[in-house]
Structure formats: C-alpha cells, structure tokens
Number of protein chains: 2
Amino acid sequence: MAKNIVPRSENFPQWYQDVIVAGQLADHAPVKGCMVVRPDGYAIWEAMQQSLDSMFKETGHVNAYFPMLIPESFITKEAEHVEGFAPELAVVTQAGGKELEERLVVRPTSETVIGHMYAKWIQSYRDLPILINQWCSVMRWEKRTRLFLRTSEFLWQEGHTAHETADEAQEETLLMLEVYRKFLEDVCAIPVITGEKPEHEKFPGAITTYTLEAMMQDKKALQSGTSHNLGQNFAKACEIQYLNRENEMDYAWTTSWGVSTRAIGGLIMTHGDDDGIIIPPRLAPIQVVIVPIFKNDEQKKAVFDHVDRIADTLREKFGRFKIKVDDRENMRPGDKFFTWIQKGVPLRIEVGPKDVEKEAGMIVRRDNREKQSCHISEMIEKVDSLLESMQTDLYEKAKTFQKENTHSVDTYDEFKKVLSDKGGFILAHWDGTNETAEKIQEETKASIRVIPSNGSEEEGKCVVTGKPSKRRVAFALAY
Amino acid sequence: MAKNIVPRSENFPQWYQDVIVAGQLADHAPVKGCMVVRPDGYAIWEAMQQSLDSMFKETGHVNAYFPMLIPESFITKEAEHVEGFAPELAVVTQAGGKELEERLVVRPTSETVIGHMYAKWIQSYRDLPILINQWCSVMRWEKRTRLFLRTSEFLWQEGHTAHETADEAQEETLLMLEVYRKFLEDVCAIPVITGEKPEHEKFPGAITTYTLEAMMQDKKALQSGTSHNLGQNFAKACEIQYLNRENEMDYAWTTSWGVSTRAIGGLIMTHGDDDGIIIPPRLAPIQVVIVPIFKNDEQKKAVFDHVDRIADTLREKFGRFKIKVDDRENMRPGDKFFTWIQKGVPLRIEVGPKDVEKEAGMIVRRDNREKQSCHISEMIEKVDSLLESMQTDLYEKAKTFQKENTHSVDTYDEFKKVLSDKGGFILAHWDGTNETAEKIQEETKASIRVIPSNGSEEEGKCVVTGKPSKRRVAFALAY
C-alpha cells in the first residue's frame, strides 16, 4: 500500500487529493480556486479530447474559437441565464491602462456570444444547421473548490448548434447525449445513467437538460456531461432569426452540450485503488511501461537490448508514444514500479536477465496485479488481449458496483434508512414538484440526479406526498 | 476575378480583409479588438497545431495547462517584463460578486505563473530539464487591430523549459527555432530568415530573442515565431532554485517560445492571390474537393456513383476528411468552384457525364489553375504528385519573391532610395546601437527585423554612422 496515499476506506476525499498529488495530475494555482493541469493529467485530457473530437467530427461537427471576453450586457439577455451565472462571474473592468466603458465578463459558458455571431451568420434556412464545437477554458468563481471536480477555471468543450426545427434540435440534443454515453462507457469505462434533469436542476435558459450520472466509489453521484435543448430561448435573446422555407422570418432552435476536465475526477473516483489512479487502456496516454532490471553493466547491456527489442515490437502495433521504456538512471526497479502504479499505466513489463535468457518479459496488470511471463513472439497478441480484458473488466467492475448500490424504495422512511445505511442511487417515485424535491434535499441532502430515460416507467406514488407518479427517479448525494 | 475581393495591386490591406471574409476564416467579435476564428480558419489552426504538436513531442516536450488569471504582483517581478506588458493588460478586479483583494491579469504570456509553479516542482538537478508546452489564448490589449495579425486576444502555444546549464538553455532555444523553421518552411511553405533580434526588439525579460521573419507579398516583414533564451532572469524573479550536482543551490536556466494564429495571416499574405487564400497541401484541412456536374436526374445518379467511387479511392489513401464531396443541392457547379477557390482547397476534381464515360475526373490546381483529365486508375498517384508539386511550387515561388526583394545597400542614401522605390528586405551594415536603429526607423519607418544567423558575416561600415560592423542586418517595414 502506498504510504503517500490514505486508503479509500479511511478518508475518501483525502484519498482523492492524495491520488492527484501522487500521480502528478494537477496542482493548486497561485490564484485561489484555480488549477494547474500537470503534464500527466493533461495527457489524459488530450486523450479525452482526441476521442471526443473524432466523435464530434464523425457526427458532422466542426471546431471554432469564440472570444473569452463577453460584454456584461450579453449575459443579461436571457433571464434565467443571468440569474444562474451572475453570482459566479469574473469581471474585467480595466484594460490597456483604462477603465472600460462596458464591463467584460470572462466567459462562464458561451451561449450568448456565440448566439450573437450566429445571428450575424444565419440569414436563411440554407445556412442551417450550424454545428460548431469549441475547446476552451471557462471561468465560474467558486468558493469551495476541489481539483478537477470544481475549480474557478476549468477546461471543457462546448458544442453550440442551431437548427430549423424543434425536432432537429431535440434530435441533436439526444445524439450528443449518446456520443457522451459512448465516450464515458466505451472509452472511460465509466457506466452512466442517462436521462433528463428535473426542471429545477436544468441549465439556466434550457428547455430540457439531459445528463449522464456516474457513481463514484464513495457511492456519490457525479454529473459527467450534459446536453441541453435550448428551444428558442437563446435565439430570441440573441436575435437568431432566419428566413424559413415558407419565406417567413423565424427564430432558430438551438442546443448546447459540454464535457469538462471534471471527467478526469470521475475517472479517478471510478477506477482508482489505494495505490492511485488506474487509467483504462483506451484512454491511457502510455499503455505499457517497460522496466529493465539488472545488477551490473554486463547484464545492463543485455537487458537493454532485449527491452529495446520488446519496445520496438510493441511500438509497431501500438504506436510510438503508447510504449514507454523507463531508462532512468540511479533509480531502483521497485521505485520505478511504484511511480508507474501511481500514474495508472495499464501494463508494466519487467525485464531482467532471466527474461533475456527466455526471450520473454513479465507482464503485470495495473488493476488486478496479475503477472504472467510472455515470450516476445507472442507479446503483441498478449498485450493486445490484456489491454482489451482490462478495459472490459474495469467497466464491468464499475457497472456491478453501480448496480449493487442502486436501490428501489417505496416509502420515505425506507428512503432515509437506505440512504443512511447503504448510500448509492435511490430509485423512488416523486410527484414532479420542486417543492417535494427541495424538502427531500433539505432533509436528506440527496437530490434528484436524473429522471432515467430507460426502464424506469412504472405507476406509483410519491414517497413523500403520495401523489401519483409515472416513473421512478434517481436520488443520490452528489458532487 | 472575384468580385468580393479587391485586387492586391489596388489595395493590399483591403485585399487581406476581403480574403478573410470571402474564405469565412474569421470575424470581428462584439468586444472591440477581439476575434472569432470561424470553422474554416480554425481548421487551418488545427492543422498547424497537429503539425507543431507532433514536432514538440518528437523533441521530448509534453503539454500542460496553467491558469488564465495571474496575480498582478507576479507580472512586476521581472523589471523589463512588467515594463513591456503593463500597458497591454486586461485586469479582473471583481469576481463572485465581490471586489478582489488582489487584482488579477488575464495572461499576456505565462512566464511568471509557470515560473511560480516550476519553483514549487523543481528541487534538484534530477527534476531538470522540464520541457512543457501549453496551447491557450492570451490577451494583450491592442488599439489598432487586424484579424489574425494583431488582436487583443489570440490563440498560440507557449513553450516553457527549465535547464541545469546555460548551454542547455541555449541549445533548447535554437532547437525550437529550428522546429519553427521546419514548420514554417516545410509545412506552411513560408520561407523565413532566422536569427537574433537586436537588443531593443527582444522579448521583455529575455537575454536573447531569436525570430523567424517572413516576407509578405506587399514586401513587408512578418515576425512568424520567436524563441527566447531567458537566461536566469525569470528563475531569479520567480525563485526557481535547485540543488545542483555540486550540492549547491543554483538558479535554473529557462527558455520560452511561441507561434500564434498570426501564422494564418502570414499564410494568407504569402500565398493568396486575387481570388483568395491558397492553402499549402500539407496544411490543408481539405486537400481535394470533388464537384459533380449534371443536367438531369439520370445524369445525376451516374455522376454521383462515379464521384463516390473517386472519393472512396482517394479517401483510402489520403484519409476520410481530406477528401470532400460537394453535394449541395440547388447550387450551380460554377458557384461551387468559386466557393472552394475562395477557401483555398489545393485540388478540385470536376466530374461530369463525359468524365463518367471515360471513368475519369478533371483535376484543377488551385494555385496555377492547370487542368488535366485523369483516369480513376491513376487518380491516387496523380493527386499525390500534384499535391507534392503544389507544395514545392508554393514554397519556391515565395522563396524567389523573397530573394528578388532582398537588397544589399552600402550607403544610407541607397538605403532610403531602395526602400522607397523597391521595398522588401534591406541588408545593410549597422553599428549595433539602439540610437542608430531608432534614427533609421524614425526617418524611414524600417526597423531591424533580424540579425541573420547565416551568410551575413562581412566586415563593413554602418550606413549611418560609418562605424565598423561585422555583419549585415535585415531592415524592413513590418507588420
């Protein structure tokens, strides 16, 4: 067990912080509440970007860049929007040595400024749809912050689309929800429950917000991505009008959707163990690290020759940067193992003099620590299959954990008992009012995370008010 | 000739603006001096990023992310640095609904905040070198702005490295200069003159600034990238100290280097013609556009079948997104040609009923408009060789232009006459003083762009003062 990491069972929040420090994933910036994403953390973000970006492009989206500073008046154009974001704004009041005539906010999200440009670019239905994504950072001033999970500045992508019809906008909203589900489940191995947010939890200015909720190992929920159908709200606020096929002026229908560096926090808390982060193979910047073991210079030469042979073999299949040789001088193999375990690299191959003799290497899985010797002639196949199994196993393990910690309850007493005894996701009937949701949250701290899209239809009665309900919703304590 | 673009000969600055509008590359943001990079412009930036990023990684660098907001006190730590950047800062004074205790500046560049983190991360020589790059936007409040060339916010990458010795830092500075040269010349087809900046033109806080200067078609110089040896200046300002191999505390030696979206402006002004931008094949987000031509539904089906066959063939070799089929309805082929010319796509393939019969396509080069029919069986080879020739031809043409417009002069009268009659780069002897450089700039508007690294050694006398000089330096009017 790692001495620099507190066990999960002892103190989960501290474990989380320790894992980030041990893996050199992020650090606190000099400005309170801001974050530095260190190279090993950023490499995970780059892998996430690559994966998401190619899915965005496959679905017809293009990237662009909109300015970081937004006139303060823009934010106030949409009533719910300003109410939601005003308390969190960072404001530029001086620039170029002068007081500004209009205060500028550092973007907390870009609906208003992108809407302003869309209004300029869109003249007729021929200009629609517009399907644009942007990779950037946003600023939401936070009082209580936690690296990756909640910081004043964070990295994300925000997609913004405009359409001719309500149906198209709804289709886009659900398409991106599905893209996110695939990304989280198939690439990050994080099982999620997808569905709508209740009215009082939706994005300020949206008609409907869809969410992807994941269960962390402390059984709390993490919102891991959202996709919003904005209806014509922002089109009206930003004057995105166009000449429709009937030759009449109409407002466009817009959507927005985002995933942020928060997903790295989700990754840590879904798969990590008491020795640190575990990165699923499909996302891992380095998939295999090879550690040479030797006692003298003669052994060193033979070992390194063999290590290079293994590395060259694997690089041809997996790519140059996916295979790392740890050739650091003056460091014991055990210490090397330790650093790579804490960085979550999926497979380690240990190569000593005996492995040279056998033309083999000892492969060790990061997740279950299983070891097996493998001959170089079978190395590609073995590594490939181990990476595949590990990817599947991580997902299955998390899925099982999620299932085991999801409970259906039928009374409010049972709700409270299960929540305090077991925790996790609680599926319960709810009467659909903010009032009841607020009462439950005040009394139990659990909030409605998601109204699940699938499998939750069932006639029932609200656990609090007894009023009729058509489906169970998922409650949980949340990040 | 495009009606929406003024000819270069008539009004070069207007031509530049028109090309950007016609190609939908960028737009003015609602905040004065800021820029929206539209999808077609951003795709060029993405291609530049991809190319540079892989060169950075090949040379051992990793990416990270540092916060956008920097405490104002940080900027003042290095005396020259604050003097250089203070007038251009944008300042956040309020956040989260409150006046901030310390004002925060939106990063104009990140030496100080990265230095602060390096001071924390670097303990001993074992932690060196640190080779980090960051992709982000920076803010420098500008009064007179021009899209891509000078805007208050722009996108760039900034590399920041720390080393054990002065020699290593110098080696890194020159290594990155060479990476930039390769990128600009081999990928962007922009010939550059590399070398040092004179003392008074260097980065605020640097020991030496190296630059890459390109000649635009109006014969003005564009600084297209810089690489700075910062000596121990920032290490001292930011307290980046480490235990050296002699077990003594020492300051690290640091460098920084950057290329920005300005390079897109350079691309436009190096290769563009009176019909718009021309994108060099190695950088082109779309390398080939295929335009179907037909008069009726029967032709349409046959033409599209053939177009798909050509597209599939080419995609296998060049990649899915490099080949675009323009299947827009209700648009005449001529209008389609026009839009792709203005977007600078290297090759266009026209496919009509006669091409279907011949199992061929008519390939048209964007730069010289040469047309040639090509049978589908030879299409891959032909497209490949045309892309290669176009890449070379664009570079050679620009190189010839640069050479033809670079003049050596030996007297100040000749200097002024050549500058006003011919323009371009003027190679002249200079006594090495700021005073003389300032006098020349005041009287002629030409500044010293670069002290060329190669081939400029020659004994001579300053054209103004007659004092001895060991090499010619390059003067020019500049962006």
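Predicted model: local features only at pLDDT ≥ 70, side-chain atom pairs only at ≥ 80, totals over all residues.
Let us begin with chain A as a whole. Chain A holds 14 helices and 24 strands. Its radius of gyration is 25 Å, close to the 23 Å that the globule rule gives for 479 residues, so chain A is as compact as a globular protein of that length. Among the contacts in chain A with a separation of 6 or more, 67% come from residues 24 or more positions apart.

Next, look at how chain A is divided. The domain assignment gives domain 1 (12-271), domain 2 (288-389) and domain 3 (406-476). Between the centres of domain 1 and domain 3 of chain A, taken over C-alpha atoms, there are 28 Å. Where these two domains touch, domain 1 of chain A brings 15 residues and domain 3 of chain A brings 13 residues. On the domain 1 side, strand E9 (192-196) and strand E10 (208-215) of chain A each supply at least two residues. E9(A) gives the most to that side, with four residues. Sorted by class, the domain 1 side of this contact has four nonpolar, four polar and seven charged residues.

Now bring in the second chain.

Staying with chain B, we come to one of its sheets. This open sheet has five strands in the order E16-E15-E17-E18-E19 (chain B), with mixed pairing. Strand E16 (323-325) and strand E19 (371-375) of chain B stand at the edges with a single partner strand each, so one side of each is left without a neighbour in the sheet. On average, neighbouring strands of this sheet are turned by 25 degrees against each other, direction ignored. For a view of one pairing, take strand E18 (residues 360-365) of chain B, which is joined to E19(B) by five bridges in an antiparallel run. There, Gly361(B) has Cys374(B) in E19(B) as its bridge partner.

Helix H9 (residues 297-318) of chain B lies across strand E15 (288-292), E16, strand E17 (347-351) and E18 of chain B, and runs at about 170 degrees to E15(B). Helix H12 (residues 379-404) of chain B lies across E15, E17, E18 and E19 of chain B, running at about 5 degrees to E18(B).

Further along chain B, another set of strands comes into view. Strand E9 (residues 192-196) of chain B pairs with strand E22 (residues 447-452) of chain B in the antiparallel sense, over two bridges. In this pair, Glu196(B) stands opposite Ile451(B) in E22(B). E22(B) is also joined by three bridges to strand E24 (residues 468-476) of chain B, and these strands run antiparallel. Here the bridge partner of Ser447(B) is Ala476(B) in E24(B).

Finally, a few backbone details are worth a visit. In chain A, a cis peptide bond joins Leu128(A) and Pro129(A), with omega about -5 degrees. Pro129(A) is found in the loop between helix H5 (111-121) and strand E7 (130-139) of chain A. In chain B, a cis peptide bond joins Leu128(B) and Pro129(B), where omega is about -5 degrees.

Two residues other than glycine have a positive phi: Lys445(A), near 70 degrees, and Phe148(B), near 70 degrees. Lys445(A) lies in the loop between helix H14 (434-444) and strand E22 (447-452) of chain A, and is exposed, with 12 other C-beta atoms within 10 Å. Phe148(B) lies in the loop between E7 and strand E8 (153-163) of chain B, and counts as buried, with 27 C-beta neighbours inside 10 Å.

Notes: Residues numbered from 1 in each chain as written. Chains lettered and ligands numbered in written order. Domains from an automatic or database assignment. Contact = placed C-beta atoms within 7 Å. Nonpolar A, V, L, I, M, F, W, Y, C, P; charged D, E, K, R; others polar. Rg over C-alpha atoms; globule rule 2.2 N^0.38 Å. Pairing = 2+ DSSP bridges. Axes fitted to C-alpha atoms, helices over the stretch in contact; angles between N-to-C directions. Buried ≥ 20, exposed ≤ 12 C-beta atoms within 10 Å, placed from the backbone.
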